[in-house]
Every structure is written in C-alpha cells, then in structure tokens.
Amino acid sequence: MPTSMPKPSPKPSSPGKPSSREPSSRKPSSRKPLSRTAGRKPLIYGAGVVVAAALFGYVSYRATAPDSPASSSSSVADVTADPDEGVYPELAKLARRDAGDKLALGRADAPVVLIEYADFKCGYCAKFARDTEPALVKKYVDAGTLRIEWRNFPIFGAESEAAARASWAAGQQNRFWEFHRAAYAEGAKEKGFGKDRLKALAHQAGVPDLDRFLRDTEGTAAATAVSKDQEQGYGIGATSTPSFLVNGRPIAGAQPAETFTRAIEQAADRAKNLGSAGQDAKGSAGPASAEGPDGSASPNGSASPDGSTSRDGSTSPDGSASPEGSAK
C-alpha cells in the first residue's frame, strides 16, 4: 500500500488534466526543497492513526494515480450508511477550536469541524473553493453546524510556500478569507505568486497595512505557522491537495458536493451522542463564538470564503493534486 511522501515538482500539470505519464523515477534534485518530505512518517496521535494515515496516504495516491478511475470510491474512507465507519477519534482531536483562529470560519463550538489541507497553487483546491465551499458555508456554517479550519499545506515549491505565508500574514490583519478568495479566483494561479503579485492580492483583499503585510510574510512567525500546519498534514498521511478531515473522517480530493454533505450530516448526527470533535482533547469545545472572514464575531460568518454562488458540485470525483505523478 503506497504511503510514500510527495516530492515537490516545479511544473505540475494543469488542473483538471490528469497526467497520462507514469510517476517520475528520476532522482530528486540535490537542492534542499522548501517542503521537506523525505523520510517523513505519520505522527502517532493514537493507536488507530497509523492505520488512518496509511489509508489517507493510499487514498491520496489513488486519487492522483495516472490510471485512477473516475469513481467516488477513491475519495475517502467511503461515506457509508454507518456513521462510525471510517472515523478516527484521534484525528478528530486535531480540530483546534480556537475562537481567535484567524484562519478559521464558523462557531468554535460547532458540532462538526472540517479541516482543509490545501495549497494555493493547487487547481483542485481552487475548484473546491469556488464551486463547493460557498454552498457548505451557506448551508452549514451559517447555521452553526460546521466550522472550517484552514491548514496551509504547500507542496508545489517556493511559490506555494510564499503564498501560504502571505495568507497567514493577511490573516493577522483579519483578511485571510478575502485573500483566500482572491488567490483562488479564476485565473489567479496562472499569474503566479511572486512578491509583487502577493502584494497585489493583499491589496485586492483589503489588507489595510501592506507594509506590515510584507514584513509579516517574510517573518519567522509566518514560517513557523506554515511549518506547523505542513507537519500536521504529513503526519496524518496526506500526500496530495486538497485533503480534508470531517470530525476525524479523511477525505482526499475536491470531491463532489454530495460527498461533503453526507459526511457533514453524518458527523452532525454522530456528535449529538458523542459530543463535538475536539472535546476529548481539550475538555470542552470552548465558548460559543463565530468568526467571520474579517475576524469579527458573528453568528453566521456572513461572508463566504469565495464569492462564487455555484452549487453544481462539478468537481471531478478524483480531484486532487500531488506534486509528482499526476498533478492537477
């Protein structure tokens, strides 16, 4: 069962066009990559997480393999009629539920937490942000059922790393979700994420102090925060983007909206009996609060992470991106 970690590739394939070539067998460059993946092993969060990490790694691999069938069976620990099947309590504890988290959207005590590990250069991440996430926000976040927690998971090299740090810096001025929307807009990825472009995105996102934004982007705090998220992603076996946890249930790829809807609703039903995700880890879910995209407390997080109103869930069932093999 393949569980190897990805090797950064400077030229991933275009989103939505899986590569037909076999995964590269060339030796990695001697230059030390920004995303240090060699020799990584799943972190031990509990007895079941080794199995969960192996599953997540395999699902991620199959979602990006050149011969991967267009089938929802490759998406996840399948979302079945049994709400307990494919759910790992140790992974549910990764929900931070920090009311001050500037990279989160929704009530800190929401019964369901969706954790997203994503890269701003990932085409399928952008597709999820534009086509699926807004509907989830409107249906579940606004209702207080769902909380979305972002994890920066840059795997496509230097520009991925820079965009991740920039998103964190925008968040320090309560503009993470606006930056997220701008960076994932149609055609934004193709313009790259150089320093000037990131500054332009921050301006578009309404970041008030651009000089501070640039300092924060290059600072050690941003690098540390991104590294922490990245290590967590590798630690649970994620090998491609986007990857998700829904109350401890792994989902790999920008799956159809129905996959997320079913996982969220099953998790909400399960939480009625077992308590909210993260309670076992912290003792309580924290105060009832919500964070809108501008960092303000709001019962419904009024602005969605993306301005799109599409709800067609048209994302490919095997939609995910990996830095080598079949990059989306």
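Q: How many aromatic pairs does the count come to?

A: Two rings pair if their centres lie within 6.5 Å. In this predicted model, the count comes to twelve aromatic pairs. One of them joins Phe128 and Phe244, with 4.7 Å from centre to centre and 55° between the planes; this pair is tilted. It links distant parts of the chain, since Phe128 belongs to helix H3 (residues 123–131) and Phe244 to strand S4 (residues 243–246), 116 residues apart.

Q: Are Phe128 and Phe244 buried or exposed?

A: A residue counts as buried under 20% relative accessible area. Phe128 has 1% relative accessibility and is therefore buried. Phe244, at 0%, is buried as well.

Q: Why is the pair of Phe179 and Phe213 classed as tilted?

A: Planes under 30 degrees apart count as stacked and those over 60 as edge-to-face, while the rest are tilted. The planes of Phe179 and Phe213 meet at 40°, with the ring centres 6.4 Å apart, so the pair is tilted. Because Phe179 lies in helix H6 and Phe213 in helix H8, the pair ties together parts that are 34 residues apart in sequence. Both residues are buried.

Q: Which residues do ring pairs link into a cluster?

A: The cluster consists of Phe120, Trp150, Phe176, Trp177, Phe179, Tyr184 and Phe213. Several of these names return in the nonpolar core: of the 64 residues in the largest core, those that touch the most other members are Phe120, Leu146, Phe179, Tyr184, Leu198, Phe213 and Val246.

Q: What does Phe120 touch, beyond residues up to four places away in sequence?

A: Its partners include the aromatic residues Trp150, Phe176, Phe179, Tyr184 and Phe193. Also among them are Asn152, Ser167, His180 and Lys189, together with Ala163, Ala164 and Ala183.

Q: Where does Gln173 lie, and with which residues is it in contact?

A: Gln173 is located in the loop between H5 and H6. Its relative accessibility is 8%, so Gln173 counts as buried. Apart from neighbours within four places in sequence, its contacts are Val207, Pro208, Asp209, Arg212 and Phe213.

Q: How does the span of helix H9 compare with the expected value?

A: Helix H9 (residues 220–235) has 16 residues and reaches 22 Å from its first C-alpha to its last, close to the 22 Å expected at 1.5 Å a residue. Among its buried residues are Ala222, Val226, Asp229 and Tyr234. Gly237 follows H9 and has a positive phi, near 95°.

Q: How many disulfides does a search of the whole structure find?

A: The search finds zero disulfides. As for individual cysteines, Cys122 counts as buried at 0% relative accessibility, and Cys125 is likewise buried at 0%.

How values were computed: Residues are numbered from 1 along each chain as its sequence is written. This is a predicted model: local features need pLDDT of at least 70, side-chain atom pairs count only at pLDDT 80 or more; totals for chains, interfaces and linings use all residues. Side-chain values use heavy atoms; hydrogens and water are left out. A nonpolar core is a set of buried Ala, Val, Leu, Ile, Met, Phe, Trp, Tyr and Cys residues joined through side-chain atoms within 4.5 Å. Buried means under 20% relative accessible area, exposed over 50%, partly exposed in between (1.4 Å probe, protein chains only). Contact means heavy atoms within 4.5 Å. Helices (H or I, at least four residues) and strands (E, at least two) are DSSP runs, numbered from the N terminus. A disulfide is a pair of cysteine sulfur atoms within 2.5 Å. The expected span of a helix is 1.5 Å times one less than its number of residues. Rings of Phe, Tyr and Trp (its six-membered ring) pair if their centres lie within 6.5 Å; planes under 30 degrees apart count as stacked, over 60 as edge-to-face and the rest as tilted.
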